[in-house]
Amino acid sequence: MIVHLFFLLVLPCLFIGVINRVKSLCAGRQGPPVIQPFFDIGRLFHKGQVISSTTSFIFQIAPSVNLATIVLAGLLIPVGPCPAILGFNGDFILFAYLLALGRFFSLLAAMDTGNSFEGMGASREATFSVWVEPAFFILLGTLAFISDQTSFGGIFVALQHYNPWSNLIITLGLVALFILILVEGCRMPVDDPNTHLELTMIHEVMVLDHSGPDLGLILSASAMKMVVLGLLIADLLIPSGLPGWLTLLATGGALFFIAVVIGLLESSMARLRMVHVPQFILVATSIGLLILSIAIFSQGGPG
Amino acid sequence: MNLFLAGIGFILLGGIFSLFRPDSSKGKTLVFFTGMGTLCILRQSIPILLGAVTDRIVLFFHPPIGPIPLILDPLAAFFVTVITLVSFLGTIYSIGYLRPYAGQKGYSLSSHYFLLSLFMASMLLVPVVQNALAFLFIWELMSLFSFLLILFEQKKSEVLEAGLNYLIAMQIGVMFLTIGFISIALKSHSWNFASFAEVFKADRSWSNGIFLVFFVGFGIKAGFVPFHTWLPKAHPAAPSHISAMMSGVMIKTGIYGILRMITFFPDPSLAVGYGVLFIAVASGILGVIYAIAEHDLKKLLAYHSVENIGIIGMGIGLGLLGLSYHNPLLAIFGFAGGILHVWNHALFKGLLFFGAGAVFQKTHQRNMELLGGLGKRMPYTAFFFLIGSLAICGLPLFNGFISEFLIFISLLNGFRSHQPFLSAVSVLSMGAMATIGALALLCFTKAFGVVFLGKPRQPIAIGETSEGTPSMLLPMGILGFFCLGLGVLPQLIFSILRYPLAPLARSADFSVMADLEKTLSHLAFVLCLLAGLTVIIYGVRSLCLKKSLIQKHRTWDCGYPATTTRMQYTAASYAAPFLSLAEFLVNRTSHKIKPEELFPQKASYQSHHRDIFESYVFTPAGAAIRGFLGLFRGIQSGNIQQYILYGLIFLVGVLIWTIGVIP
């Protein structure tokens, strides 16, 4: 429980901090301290709020709903040695639908302002999620098929003991999940979190009209979403059977490593053109299908 | 059974009495009687649904009809319960919805309410009649009454066209059913459903073929792709409560028919299961893609019916595969998800059509591009429509999620079956199901966002009371309550599904369900946690804001305030990024006038989407048939003497033939 709270409440800000630090270093600057996001978000909670007179109650509840869905999604995932707090059979279905619920409200909040920039962002976010959802389900479905388990906890443990193909499958799964992190977290090469042109934004443009505590909730939610997805990668990567403290350490290390890679990617890559983003996401889907073929042709299912 | 028949009697009485009442109180009369009828029917159907003894009554007729058994078994009770509930709410809704038409020339409320009661009665009888001839008769009456109800605004040519399109589609469907029933009766020498099981058992390949004939016949009513083209025409043409009843419950009688045939079907072949699954997936994905391309609010909802029928069909397809593979888990969860979605879809689609009707009544506009900002003017309608949207997207806390979850669980069991092909198909279907969910989310953020949020895109002439009348809001509220209730208390579904499932999944062993019951109560706990957590976070946020300054201001708009509300993001542009990727499916055409010269005076852009089945299959087929029949147009001269001559020629022909045959 404490471990989960630490990973869900403290790590997200550090995660963003590390990404920003890596980007600064790559750009030849020293950059803000790693804990800067704490201050940024904390300050937002002390600020007032400007609310558009066009908006309705949806604009005000959306950030809270969004954060709640992501916290719950996080509680469905095991953290290192600690089993998921709320895990059950079929929990990965709920996981995806929770993220969808959060997205639903974010999209509506964007439409609520009557601002065409925000509508554009919402439209893009909705379109890309059409490609993300099947990729996630095909990937997780395949892993569930291979491991003969239906919960996150079960899948990750069973995969480690699978067969000689495990290593290949895990490696491919990591690549696919990493692509999903980039898309869901709205990072390069899908979306540029630092862009200054509204026309090229996806996620940032949807929250243009939010301010104060609501903006704080949104920022924490998107940071938390990256950590939650990062935890999936860590769980897949780290072999089971290690002592608890080592697994925990390795989980933290894996998250740190992911943050560094994202930072390096963002420093070295340009954003893809919008029309090419679906192709990028389809890579993840194809990897899912590839894993499925491997699993079926290697031994026709679990023995 | 007596209570059930008394209930139908009440409904018919209501129709008759409403004939003699003034326009203003016709609706109330019918509501009173259907209310009594609904109570009687529910009193009978709910205990049977929950496991009381099946009730039956047999009406004796002479051959060739034979005895007509009316049987209210759990499967029938399952459908009867939801039909009576949604129809009753539809009649309440009609009081408010039809009020502006009262006393107006060209609209006949008398015939409308009378037909409404007949329509309800016929729908309620469909699931209980177990004699093929009587079934076909009731089935035809149901189609006929709904056709007449669509024609309420018969002055409009598009209404007439949509109605005829519907009638033709239904006749083609009934043709298949007739072929199916006659083929069975030829073997069993009885019209009675009870004799069907024997016939199905006798010949395996024949029974698979005949099942497909029934699937097509019932599938036309249900609206599976490619037989769906009547839906997006008929639903917008009908008054909204009729759309709600047709889309919410009438198309489900098609599903009922398919399920009833499955109960007689001992050993479905794999091809049938995979075929149904494939058609269902196609319906799900194509239905929602056309809905995204559609900017007429009611047409959009009609295409969503196709999508949801697809989801129901996926459950049925998985159930059939479970029967073929002798995998009881796959069968139970597949059928459970499918039939639970029948209820769920009836609840939220009724709600959404009621909401769309309220919008139409107040704005006289179905084109979303001209609406906007209605959330402020119609807060309750907006709130209920939001609940319906959340439910239809299958999002947690609402009922749609539970049935989709069950289908996912069935799929999970599908690929744990150690059958490589089934596993691959299950994983792909899982991807398809996820795509359908994400597309539905796109579609309903579009629909709700464009219609209810933002600002009105053109000045709306809204009457003195901008919100719908209480009689329109009440049914929406009740349906919304059920959507939420089934969503947060998923444990309830066990008692509801247990008995209707037994004849479908052929398994009295419900110990496997106990495992799922645990999962679902866990799920319920998580969902309550979700609600609680949201409230807590919102509370903390509000506390933070207590001391600070909250300002109301116009939307920032990046410093370029829009000069007109038409500059808000439109439904077409919202859908464009996706549709440009699915262009080959939606047959997009666009006309544009580009801005030219230094000071352009004129520029415009229009895009249209067409259903590929409509433009490449049914329109050419219709043209071909018309072309063929046109060959005979010459004999229709309108000259009465000529017609008498035809009669004479015919008689002489018959005379010669008789002389030739009988020596």
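## Model and confidence

pLDDT is the predictor's confidence in each residue, on a scale from 0 to 100. Chain B has an average pLDDT of 90, and 98% of its residues score at least 70. Within chain B, confidence is lowest in helix H22 (residues 583–586), with a mean of 83, and highest in helix H15 (residues 379–392), at 95. The model scores ipTM 0.94 and pTM 0.94.

This is a predicted model, in which local features need pLDDT of at least 70 and side-chain atom pairs count only at pLDDT 80 or more, while totals for chains, interfaces and linings use all residues. Residues are numbered from 1 along each chain as its sequence is written, and chains are lettered from A and ligands numbered from 1 in the order in which they are written.

## Chain A fold

Chain A contains 11 helices and one strand; helices (H or I, at least four residues) and strands (E, at least two) are DSSP runs, numbered from the N terminus. Read from the N terminus, the order of elements is α-α-β-α-α-α-α-α-α-α-α-α. Chain A is as compact as a globular protein of its length, because its radius of gyration (taken over C-alpha atoms) is 19 Å, close to the 19 Å that the globule rule (2.2 Å times the number of residues to the power 0.38) gives for 303 residues.

Along the principal axes, the C-alpha atoms of chain A fill a box of roughly 60 × 40 × 35 Å. Of the 303 residues in chain A, 60% are buried, that is, 20 or more other C-beta atoms, placed from the backbone, lie within 10 Å of the residue's own. Among contacts in chain A with a separation of 6 or more, 76% join residues 24 or more positions apart; a contact requires C-beta atoms, placed from the backbone, within 7 Å.

## Chain A–chain B interface

The contact involves 73 residues from chain A and 67 residues from chain B. On the chain A side, the elements giving two or more residues include strand E1 (49–52), helix H5 (116–147) and helix H9 (212–237). H5(A) gives the most, with 20 residues. The chain A side divides into 40 nonpolar, 24 polar and nine charged residues; Ala, Val, Leu, Ile, Met, Phe, Trp, Tyr, Cys and Pro count as nonpolar, Asp, Glu, Lys and Arg as charged, and the others, Gly among them, as polar.

E1(A) runs parallel to strand E3 (residues 550–553) of chain B, joined by four bridges; pairing requires at least two DSSP bridges. In this pair, A:Val50 stands opposite B:Gln551 in E3(B).

## Chain B domains

Chain B is divided into domain 1 (270–540) and domain 2 (635–663), with bounds from an automatic or database domain assignment. The C-alpha centres of these domains lie 59 Å apart.

Notes. Two residues are in contact if their C-beta atoms, placed from the backbone, lie within 7 Å. A residue is buried if 20 or more other C-beta atoms lie within 10 Å of its own, exposed if 12 or fewer, and partly exposed in between; C-beta atoms are placed from the backbone.
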